[in-house]
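This report describes a pocket, a cavity and the packing of helices in one protein model. Please consult the sequence and the structure shown here.

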Amino acid sequence: MRSKPNILFTGTPGTGKTTTSAAVAEAANLRHINIGELVKDKKLHDGWDDQLECYVINEDLVCDELEEIMEEGGNIVDHHGCDFFPERWFDRVVVLQTENSVLYDRLTKRGYSGAKLTNNIECEIFQVLLEEAKDSYPEDIVVAMKSDSIDDMNRNVTTITDWVRSWQPTA
């Protein structure tokens with residue numbers, strides 16, 4: 001039984017997952033795991049996708065890598081996808097959402113263009129990641145949070161940190 005909760009932060013690239021999840025991890029004294037960095041550092045991928053300009057994640061390798069530390073608890077996982085992680089790993093799934101024009105500006109500043117930019121904006125418009133989270137986890141642990149501004153981010157960090165502090169393990 002875990003003494004600290006595990007939280008998944010998900011959402012379209014550019015919604016503030018890494019910034020928000022790192023801030024919550026620091027405030028709540030939890031371990032921050034950025035899946036993109038983990039995949040790159042530990043080579044948990046099947047090569048590079050030239051069209052989408054990213055690594056093709058090997059989901060089995062990622063799950064094998066994380067299994068033991070997820071069982072310990074006290075982790076914040078940060079990734080744009082969520083449907084391949086075991087349901088048992090998470091006590092809360094936070095889906096960050098950003099208004100389309102704000103997201104467009106954030107992604108173009110990152111150098112996104114073409115298919116990569118279009119795919120991510122459409123993903124947000126159609127709430128693909130919120131639906132994926134609701135399909136993959138019990139609905140009562142899935143929380144959508146607005147992430148358009150620094151004020152939103154600060155509010156989200158406070159809300160999730162307060163939730164962590166009041167979390168009790170279930171038997």
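## The largest pocket

In this predicted model, 35 residues line the largest pocket, and Pro13, Cys54, His79, His80 and Tyr112 are those nearest its centre. A pocket is an open set of points on a 1 Å grid over the protein atoms alone, with protein on both sides within 12 Å along at least five of seven lines, and lining residues have an atom within 4 Å of a point. The volume of the largest pocket is about 1100 Å³, a volume being the space filled by probe spheres set on the points, which are joined across faces, edges and corners.

At least two lining residues each come from helix H1 (17-28), helix H2 (35-42), strand E3 (45-49), strand E4 (54-57), H5 and helix H6 (128-136). Helices (H or I, at least four residues) and strands (E, at least two) are DSSP runs, numbered from the N terminus. The lining comprises 12 nonpolar, 13 polar and 10 charged residues. Here Ala, Val, Leu, Ile, Met, Phe, Trp, Tyr, Cys and Pro count as nonpolar, Asp, Glu, Lys and Arg as charged, and the others, Gly among them, as polar.

## The cavity

One cavity of 30 Å³ or more is found in a search of the whole structure; a cavity is a set of grid points where a 1.4 Å probe fits but cannot get out. The largest cavity has a volume of about 30 Å³. Among the residues lining this cavity are Gly11, Thr12, Cys123 and Glu124. Strand E6 (92-97), H5 and H6 each contribute at least two residues to the lining, which contains six nonpolar, four polar and one charged residues.

## Helix H4 against H5

Helix H4 (residues 100-109) packs against helix H5 (residues 114-125) at an angle of about 155 degrees, with the axes 10 Å apart. H4 is therefore roughly antiparallel to H5. Axes are lines fitted to C-alpha atoms, for helices over the stretch in contact, and angles run from 0 to 180 degrees between N-to-C directions. Angles under 35 degrees count as roughly parallel, over 145 as roughly antiparallel, 65 to 115 as roughly perpendicular and the rest as oblique.

In H4, Asn100, Leu103, Tyr104, Leu107 and Thr108 meet Leu117, Asn120, Ile121, Glu124 and Ile125 of H5, where contact means heavy atoms within 4.5 Å. These contact residues comprise six nonpolar, three polar and one charged.

The axes of H2 and helix H3 (residues 59-72) come within 11 Å and cross at roughly 100 degrees, so H2 is roughly perpendicular to H3. Ile35, Leu38, Val39 and Lys42 of H2 make the contact with Val62, Glu65 and Leu66 of H3. These residues divide into five nonpolar, no polar and two charged.

## Basis of the values

Residues are numbered from 1 along each chain as its sequence is written, and side-chain values use heavy atoms, with hydrogens and water left out. In this predicted model, local features need pLDDT of at least 70 and side-chain atom pairs count only at pLDDT 80 or more, whereas totals for chains, interfaces and linings use all residues.
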